[in-house]
Amino acid sequence: MTGVVVTGWSALTSAGIGVDALAAAVAGVERAGVGARAPASQGVGVGHLYPEPLPSPTGHALVDFNVREQLGRKGTSTYDRVTGLAVVCCQDALRRAGMTIDDSTRTRVGVALGTSLGSFKSTSDYSRETLVQDRPYLVNPMLFPNTVMNCAAGQVAIRFRLRGPNATVAGGTLAFLNAVRYASNIIERGYADVMLCGAVEEYTPHRAWAAHLTGATRTVAAGEGAGVFVLAGPQAADWAGARRIAGVLAVTTGYGPGGGSQADAALAGCVRRALGRAGVDPSEVGTVLTGDTDEDDRREYGPVVQALGHEPRRIMAKRLLGECDAASGAVSLAVLLALGERGISLLTSRGPDGAVGAAVVKGLADGGADRG
Amino acid sequence: MVRVAVTGLGPVSSIGVGVSAFADALHAGRSGISRITSFDPTGFPHQNAGEVQEFDPSRHLRRLDTARWARSSQFAASAARLAVQDAGLDIDAVPPGRAHAVIGTTSGESAAVEALTAQMVDGGFAAQDPALLTQVPANRLANAVSEELGLVGESLTIATACSASNYAVGYAYDLLVTGEADVVLAGGADSVCRWAHAGFFRLGALTESACSPFDRDRSGILTGEGGAVLLLETFEHASRRGARIYAELLGYGLNCDANHPVAPEPSSVAECMRLAHRNAGVKPEEVDYICAHGTGTPANDLVESKAILEVFGPQPPPVSSIKSMMGHTMGAACGFGAIASVMAIHRGFLPPTINWSNADPDLAGIDPVPNVARQADVRVVQNDGFAFGGNNAIVILGAVT
């Protein structure tokens with residue numbers, strides 16, 4: 001088999017913490033028909049989350065998320081929301097993979113997390129202090145690392161003592177595919193045996209307003225989430241986790257300068273290249289998970305159909321779980337695995353400019369939310 | 001075995017724009033530090049940084065619309081364009097999908113974030129300019145390079161803070177040796193901003209006017225900015241087009257301290273050096289020069305020196321810090337270090353650590369090439385990069401044999 005395998009995973013979505021909560025949520029939608037013309041879910045009430053005003057009273061936030069409940073007090077006091085979501089998701093993914101991390105393996109386990117710009121809130125709040133304090137330097141030094149985009153991945157490494165390659169990739173809506181591509185390379189080149197690979201995005205006033213003002217939440221509500229997948233080579237040793245839940249057979253990313261038709265062509269090209277690398281015939285693709293927002297939105301589905309020559313079932317996770325920006329791709333893969341899909345699926349992403357990408361995923365017999 | 005050539009260099013820096021101005025400044029030990037103009041530093045006790053004061057993107061950019069792309073993206077795209085020109089490469093002649101862009105950064109479009117924050121302070125969240133909001137995502141740094149050069153290959157922004165452009169150069173190496181690419185534009189970009197200036201000051205890590213790495217009385221960094229991009233291609237591609245090859249990219253190593261968000265750990269940094277040597281197929285005694293991370297903070301320079309002495313023994317190769325000249329350019333820092341390393345090999349000199357006055361007894365054995373450049377036959381260089389989050393990345397470059 002080409003590519004990498006998933007030996008464990010977890011997701012934090014507005015459906016709740018962990019795999020079972022997501023499985024329950026998507027099972028209901030599956031029965032109702034994915035991608036139906038019914039209105040997209042607008043989420044739950046979010047007004048109490050922040051003292052600041054929000055552009056919408058509802059959203060896809062984990063409104064009860066409390067990092068201390070999940071991790072305890074120790075080491076978590078400086079975490080911002082995105083860091084908390086990332087660390088909790090990694091903890092659950094590691095547990096579900098049944099991985100043994102000890103001094104003989106910790107240098108062989110790395111992290112690759114996708115983001116848009118880390119925490120827009122942490123960064124902007126820090127910048128704000130320099131403007132509103134009596135003196136511009138009266139900022140909190142303990143919170144300074146939260147302004148740097150690799151904060152979450154660094155805290156994951158510290159929490160679980162993971163000393164392998166530790167990467168943060170900034171991809172916006174492409175972030176998860178960028179992270180999988182990066183992590184796969186690390187494994188294939190032998191720099192690490194296992195990569196915790198995922199993407200994370202937080203619900204904050206800053207993100208909700210940015211999404212609102214740029215039109216990203218015209219059809220779907222703003223959301224947050226994290227999805228983390230324990231990736232290993234197909235021949236990985238038992239300590240990497242005994243299960244083989246899915247294979248990411250190939251990942252390709254590209255760019256269409258100027259966007260528009262150039263990006264259409266680049267995305268179709270990514271799909272063809274990914275299928276070629278995976279050794280998969282276009283006719284075998286049964287499901288495609290796109291970042292599209294409704295049936296009429298074919299920014300991704302259009303080029304996919306063009307590349308495949310047929311119209312597979314389309315799942316638009318953000319209609320159920322909101323606009324999760326950098327976490328979108330990770331949430332999509334989590335939805336796919338929560339559904340227990342066994343066939344060949346395609347995962348695509350497309351940015352507002354020209355960035356595009358595709359992954360070919362095969363569900364394996366060890367999959368299914370009820371396992372492990 | 002595919003070998004990787006460095007054939008083009010694009011520095012956009014406070015000490016010079018373009019490879020010849022930059023290399024001359026390194027050789028002369030010029031300082032690029034000046035009073036901050038990109039934000040109003042009034043009220044800060046320290047008011048200096050390494051800004052690219054004469055940055056005029058219109059002199060470099062042919063395709064990128066500067067009205068739609070913010071400062072760090074403009075640095076990245078300008079640096080990439082300069083690297084292509086320096087390499088004498090007809091980028092449009094590279095087959096589609098065989099050329100990629102990989103850019104590292106610490107703070108992405110920090111200037112845009114700060115402008116939006118000022119709008120929020122004045123008028124609340126709803127007062128933000130939507131057009132400026134679209135410029136904020138950090139992926140746009142690599143995307144700007146793809147736009148400017150018309151590249152349809154991978155367009156990846158790596159956000160591993162101050163070692164990010166070594167990650168970028170390393171990933172580019174992998175793209176080339178695994179046959180994914182013929183050409184990769186790799187490097188980093190960042191812009192000077194208020195919040196980083198304030199944060200480093202409050203960490204006690206910001207010096208006033210002269211950064212003096214490896215000096216007994218060193219007292220911190222100065223923030224800096226710019227874009228630093230290297231054009232990397234396979235030897236086969238370079239020789240087919242008769243390109244000048246500055247140096248060979250031999251390999252890299254990555255690891256993570258997994259210990260503390262900001263404090264570096266000597267044993268982990270030493271291990272990263274060993275990993276880089278092993279991956280690049282070089283022995284410590286073959287390294288002629290270490291282009292240091294050398295931030296000028298008491299902690300970094302002590303930890304880096306300890307690690308060097310642990311790996312190289314009591315007589316390590318000369319170790320200098322170009323941050324003494326240009327400040328800490330964050331996500332671009334390792335890119336500038338890589339360009340300086342290539343120039344050290346190509347022109348045969350060691351860039352100096354300027355502002356150096358007194359030997360630090362705790363750094364005994366470290367030769368910081370004080371104040372004056374030194375002629376040397378440089379065959380192998382180690383370019384160090386460390387970062388918040390314990391993200392260590394070291395790149396090894398060598399003379400063409």
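What share of the 401 residues in chain B is buried? The figure is 68%. Keep in mind that this is a predicted model.

Let me stay with chain B for a moment. Its secondary structure comes to twelve helices and 15 strands. The radius of gyration of chain B is 19 Å. The globule rule gives 21 Å for 401 residues, and the two values are close, so chain B is as compact as a globular protein of that length. Along the principal axes, the C-alpha atoms of chain B fill a box of roughly 60 × 55 × 40 Å.

Now the contacts in chain B. Take those between residues at least 6 apart in sequence. Of these, 79% join residues at least 24 apart.

Next, chain A. Look at strand 10 of chain A, residues 285-289. Which strands does it pair with? One is strand 12 of chain A, residues 344-350. That pairing is parallel and has four bridges. Within it, A:Val288 stands opposite A:Leu346.

Another partner is strand 11 of chain A, residues 313-315. Strands 10 and 11 of chain A also run parallel, joined by three bridges. Here A:Thr287 has A:Arg313 as its bridge partner.

How does the chain cross from strand 10 to strand 11 of chain A? The path goes through helix 9 of chain A, residues 301-308. This β-α-β crossover is right-handed.

One general point on strands. In a regular strand, side chains alternate between the two faces of the sheet.

To recap: strand 10 of chain A pairs in parallel with strand 12 of chain A and with strand 11 of chain A. In chain B, 68% of the residues are buried.

Key:
Residues numbered from 1 in each chain as written. Chains lettered and ligands numbered in written order. Predicted model: local features only at pLDDT ≥ 70, side-chain atom pairs only at ≥ 80, totals over all residues. Pairing = 2+ DSSP bridges. Helix = DSSP H or I, 4+ residues; strand = E, 2+ residues; numbered from the N terminus. Right-handed = clockwise from strand over helix to strand, strands pointing away. Rg over C-alpha atoms; globule rule 2.2 N^0.38 Å. Buried ≥ 20, exposed ≤ 12 C-beta atoms within 10 Å, placed from the backbone. Contact = placed C-beta atoms within 7 Å.
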